[in-house]
Amino acid sequence: MNDSPVVSILMATFNGGAYLREQLDSLIGQTYTSWRLVVHDDGSTDDTLLILGEYQRRDPRISIMDDGVTNLGPAANFLHLMRHVEAQFYMFCDQDDIWLPEKVNHMVAGIAKYEGPTVLYTNSYLYVGDTAIAQKSTVIHPSTLRDTLFFNSGIQGCAVIFNRQLMDILRPFPDTIAMHDHLITMGAVTFGQIVYLDEVLVWYRQHSKNATGNQPRGTFRKLISFLAVKKPVISRSHYYANEAFYAHYRELIDVAKKELFQAYFRYTSSRSVLERLFIVLKHKFALGNKRGLLLVKTMIRTPID
């Protein structure tokens, strides 16, 4: 695929030596070969840098951004890469997952069908120990701003590919973000489009040191997590991120979407359950395509922590 577009894969590492080789091997094993991996390490004290150096010598498509900048944290580490890498297509890569061989090939073919600022994402299976569990990681699928504002996350970073058009709109980035994938997701539903490719192309590793936490496994555990009334409808970190996103890009946002942001902010400040329910119904807010979930959350939880 020498004439194929080069995909820039961005990897932010920190003390990932235990699983890093498996991930790097899965990249080298991709059937789509026109990619480059750019890695920025956040100050690892284990053998992460030794492993990266070994693979960089083995494969010229792998490069380490060695600029002395450390202690950023995972979100800012990915943003650091996003500020400095130019590409037609971008993908995020966690240090501890495993990509299936057709991942890049299928995702490039998928996103190439669309014009304008676009995120395309696929799904993953949870990976525990040495076993892939046939439980899809993503079960709620937002596609518009209405069903993303209350999402409290972005589309899973390791599952997305996005294009230069979206990156060009988002640069420079807001000072406050929740996570890099949340920023990309909000950008897509505000200024472009987000598309789901219904394939499982990643094994999403679950362990005690996951940067963004482990997911509950099984229907019962998910239900218990959902019904936990101590949790708010909106996490404060994502509220601040959405607030910063709106302030930063306000002049670029169309009138109809500004109204949705403003309704979201009113929901958060309202002390009345009935008023919050009215806001959800009037503006057709949802969690992905599941409005009922948001209505139930509104009735049993506080609006924000």
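This is a predicted model: local features need pLDDT of at least 70, side-chain atom pairs count only at pLDDT 80 or more; totals for chains, interfaces and linings use all residues.
**Exercise 1. Gly68: buried or exposed?**

Step 1. Gly68 is in the loop between β3 (62–64) and α3 (74–84).

Step 2. The relative accessibility of Gly68 is 64%, so Gly68 counts as exposed.

Step 3. Find Asp42. Gly68 and Asp42 are 26 residues apart in sequence, yet 8.9 Å apart in space, C-alpha to C-alpha.

**Exercise 2. Describe the second largest pocket and its lining.**

Step 1. On a 1 Å grid over the protein atoms alone, a pocket is an open set with protein on both sides within 12 Å along at least five of seven lines. A cavity is a set of points where a 1.4 Å probe fits but cannot get out. Lining residues have an atom within 4 Å of a point.

Step 2. Take the volume. The second largest pocket holds about 150 Å³ of space. Grid points are joined across faces, edges and corners, and a volume is the space filled by probe spheres set on the points.

Step 3. List the lining. Among the residues are His40, Asp41, Gly43, Ser44 and Leu49. The lining also includes Ile64, Met65, Asp66, Asp67, Gly68, Val69 and Thr70.

Step 4. Sort by class. Four lining residues are nonpolar, five polar and three charged. Ala, Val, Leu, Ile, Met, Phe, Trp, Tyr, Cys and Pro count as nonpolar, Asp, Glu, Lys and Arg as charged, and the others, Gly among them, as polar.

**Exercise 3. What surrounds Gln95?**

Step 1. Gln95 is found in the loop between β4 (89–93) and β5 (98–99). With a relative accessible area of 15%, Gln95 is buried.

Step 2. Leave aside neighbours within four places in sequence. Gln95 is then in contact (heavy atoms within 4.5 Å) with residues including Met11, Thr13, Phe14, Asn15 and Tyr19.

Step 3. Look for a polar contact: a pair of N or O atoms within 3.5 Å. Within protein, one must be able to donate a hydrogen and the other to accept it, and residues adjacent in sequence count only if both atoms are side-chain atoms. A polar atom of the Gln95 side chain lies 2.8 Å from the backbone nitrogen of Phe14.

Step 4. Turn to Asn15, one of the contacts of Gln95. Asn15 lies in the loop between β1 (7–13) and α1 (17–28). Phi of Asn15 is near 45°, a positive value. At 30% relative accessibility, Asn15 is partly exposed.

**Exercise 4. How many residues of α6 are buried?**

Step 1. Helix α6 (residues 180–191) has 12 residues. Its span from first C-alpha to last is 16 Å, close to the 16 Å expected at 1.5 Å a residue. The expected span is 1.5 Å times one less than the number of residues.

Step 2. Count: 12 of the 12 residues of α6 are buried, so α6 is largely enclosed by the rest of the structure.

Step 3. Pro172 lies in the loop between α5 (164–170) and α6. A cis peptide bond joins Arg171 and Pro172, with omega about -10°.

**Exercise 5. Which helix supplies the largest share of the lining of the largest cavity?**

Step 1. The largest cavity has a volume of about 40 Å³.

Step 2. Both α6 and α8 (236–249) supply at least two lining residues each. The largest share, three residues, comes from α6.

Conventions: Residues are numbered from 1 along each chain as its sequence is written. Side-chain values use heavy atoms; hydrogens and water are left out. Helices (H or I, at least four residues) and strands (E, at least two) are DSSP runs, numbered from the N terminus. Buried means under 20% relative accessible area, exposed over 50%, partly exposed in between (1.4 Å probe, protein chains only).
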